[in-house]
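My notes follow in the order I took them.

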Amino acid sequence: MKMQEDEETQLKGAKAFRESLLWLVLRILAEKPSHGYEIMKKIEEITNGKWKPAAGTLYPLLDSMLNEGLIEIKSYEQEGVRGGKKIVYGLTTNGWLLLKDQLINKISIYTYMINYIILGGIESMRKQGFQNEANEVCSSLMEWITKLDTQLEKYCKK
């Protein structure tokens, strides 16, 4: 029984890991078409060196994304590259649509988290007599919201 639970936990963890990698790859390819090594380096950069997916993890995911119609391959002749061709991956229309769906999903998830963690945390602090600390959190939150509002003006009013 315990062994089955451990296996189920591992499968859930593997699925979450794969989904995180998928989201990162979609987001990276949204910036520009890239080859596999560039994707690995970008993930390493984004995570401040904490995560560099192995080729044995990334390339099967790219193959799966290709089979699902999320990405397309463009080959370019290039000297010094094994096989003489550089393979570059780019998003298809389906890839762009999945990215949009994921962003909307993330907005929903983070909205719930902000409400529970931050707003609920402020309320709990006040109930427990930590009024000054709650006010400090509110000030920090208001500063972040002002910055976010400025960024939303830039990105969403186009």
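**Cysteines.** I started with Cys 138. Its relative accessibility is 22%, so I logged Cys 138 as partly exposed. The cut-off matters here, because buried means under 20% and exposed means over 50%. Next I took Cys 156. At 57% relative accessibility, Cys 156 counts as exposed. Then I searched the whole structure for disulfides and found zero. I note for the record that this is a predicted model.

**Overall layout.** I went through the secondary structure next. The protein has five helices and two strands. Read from the N terminus, the order is α-α-α-β-β-α-α. The protein has 158 residues, and 21% of them count as buried. I also looked up the surface.

**The largest nonpolar core.** Which residues touch the most other members of this core? I listed Val 25, Leu 29, Ile 39, Leu 62, Met 65 and Ile 71, out of 19 residues in the core. Helices H1 (2-31), H2 (36-46) and H3 (55-67) each supply at least two core residues, and so does strand S2 (85-91). H1 gives the largest share, with seven residues. Setting aside residues up to four places away in sequence, Leu 29 touches Ser 34, Ile 39, Ile 71, Tyr 89 and Leu 91.

**Leu 26 and Gln 102.** Leu 26 is in helix H1. Its relative accessible area is 0%, so Leu 26 is buried. I listed its contacts beyond four places in sequence: Met 65, Leu 91, Gly 95, Leu 98, Leu 99 and Gln 102. Gln 102 is found in helix H4, residues 93-127. Is Gln 102 buried or exposed? Its relative accessibility is 12%, so Gln 102 counts as buried. Leaving out residues up to four places away, Gln 102 touches Leu 22, Trp 23 and Leu 26.

**Helix H3.** I checked the length of H3 first. H3 has 13 residues, and at 1.5 Å a residue they should span 18 Å. The end C-alpha atoms of H3 are 18 Å apart, so the two values agree. Next I asked which residues of H3 are buried. They are Leu 58, Leu 61, Leu 62, Ser 64 and Met 65. Then I turned to the face of H3 directed away from its buried side. That face carries the exposed residues Gly 56 and Asn 67. Just after H3 comes Gly 69, with a positive phi of about 80 degrees.

**Asn 48.** I looked up one more backbone angle. Asn 48 has a positive phi of about 50 degrees, although it is not a glycine. I kept the entry because most residues other than glycine have a negative phi. Where does Asn 48 lie? I placed Asn 48 in the loop between H2 and H3. At 68% relative accessibility, Asn 48 counts as exposed.

Notes:
Residues numbered from 1 in each chain as written. Predicted model: local features only at pLDDT ≥ 70, side-chain atom pairs only at ≥ 80, totals over all residues. Heavy atoms only, no water. Core = buried A, V, L, I, M, F, W, Y, C linked by side-chain atoms within 4.5 Å. Buried < 20%, exposed > 50% of the residue type's maximum accessible area, 1.4 Å probe, protein only. Helix = DSSP H or I, 4+ residues; strand = E, 2+ residues; numbered from the N terminus. Contact = heavy atoms within 4.5 Å. Expected span 1.5 Å × (residues − 1). Disulfide = S-S within 2.5 Å.
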